[in-house]
Amino acid sequence: MDRAKVRQLAEFSVPAATVGVAAGFVAGGLAAFVGRPIGWALVTGLGLAVPLIVFGAGYAVLLALGKLPAGVFAPAAVYWVIGFPLALLVHSVVTEWTVTGTPGLPVEPWKFLAFRALLSMGFAIGFLWMHEQLGRHWWPRIIDHNVYAYTVVEQYVELADSLAARKAATVRARKKTGAIPRTR
């Protein structure tokens, strides 16, 4: 892969990486809020942010390369059922290293990973929502020179068009059969 493509992938991945930055900021802020030293809070924030940035960028690259469909939850959930527990494992190792001076795995690491895999569904929902919200503001800014942004925005446009067509067909069918339309 040439430099231009790598640069475009990195530029496309900014919204996904921002989710990791935000999570690290929250983790570090919470550590400082509960009275931990500022250095400890910084390390715990970075210990969570860095792996989430890496996994978030990995998700964005898969999306950009067409390996994952845009706007679909199930692939994001499968991706994060692996990525989220591993990111929290890194965070746990970094936190223990910061507190005790030596890195170490959590007690019963398989149970640790399994429980975090259960929590990953919630993270996947939040990640996908935040990624799409940030992306809808970022990708149009780079769409004229970034082929990946152009491709993914086109996928979202097609998805929106198909949902609008489905809704219009439902309305037509209800009018034809005389069904009472639902109000919201």
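Predicted model: local features only at pLDDT ≥ 70, side-chain atom pairs only at ≥ 80, totals over all residues.

**Stop one: the second largest pocket**

Start by selecting G24, F25, G28, L42 and G45: of the 13 residues lining the second largest pocket, these lie nearest its centre. The space you are looking into has a volume of about 180 Å³.

Now colour the helices. Which of them each supply at least two residues of the lining? They are α2, residues 14-33, and α3, residues 38-64. The largest share belongs to α3, with seven residues of the lining.

**Stop two: a nonpolar patch**

Switch to a surface view and select F73, V78, V81, I82, L86, M121 and I125. Together they make a nonpolar surface patch of about 570 Å². Two elements give two or more residues to this patch: α4, spanning 73-100, and α5, spanning 109-142. Helix α4 provides the largest share, five residues.

Finally, zoom in on L86, which sits in helix α4. Why can L86 count towards a patch? Its relative accessible area is 35%, so L86 is partly exposed, and patch residues need over 30%. With L86 still selected, bring back the other members of the patch, F73, V78, V81, I82, M121 and I125 among them, to see L86 in its setting.

Methods
Residues numbered from 1 in each chain as written. Heavy atoms only, no water. 1 Å grid on protein atoms, 1.4 Å probe; cavity = no way out; pocket = protein on both sides within 12 Å on 5 of 7 lines; lining within 4 Å. Points joined across faces, edges and corners; volume = space filled by probe spheres on them. Helix = DSSP H or I, 4+ residues; strand = E, 2+ residues; numbered from the N terminus. Patch = residues over 30% accessible without salt bridge, like charges linked within 9 Å, V, L, I, M, F, W, Y side chains within 5 Å. Areas by Shrake-Rupley, 256 points an atom, 1.4 Å probe, with all protein chains shown as cover. Salt bridge = Lys/Arg side-chain N within 4 Å of Asp/Glu carboxyl O. Buried < 20%, exposed > 50% of the residue type's maximum accessible area, 1.4 Å probe, protein only.
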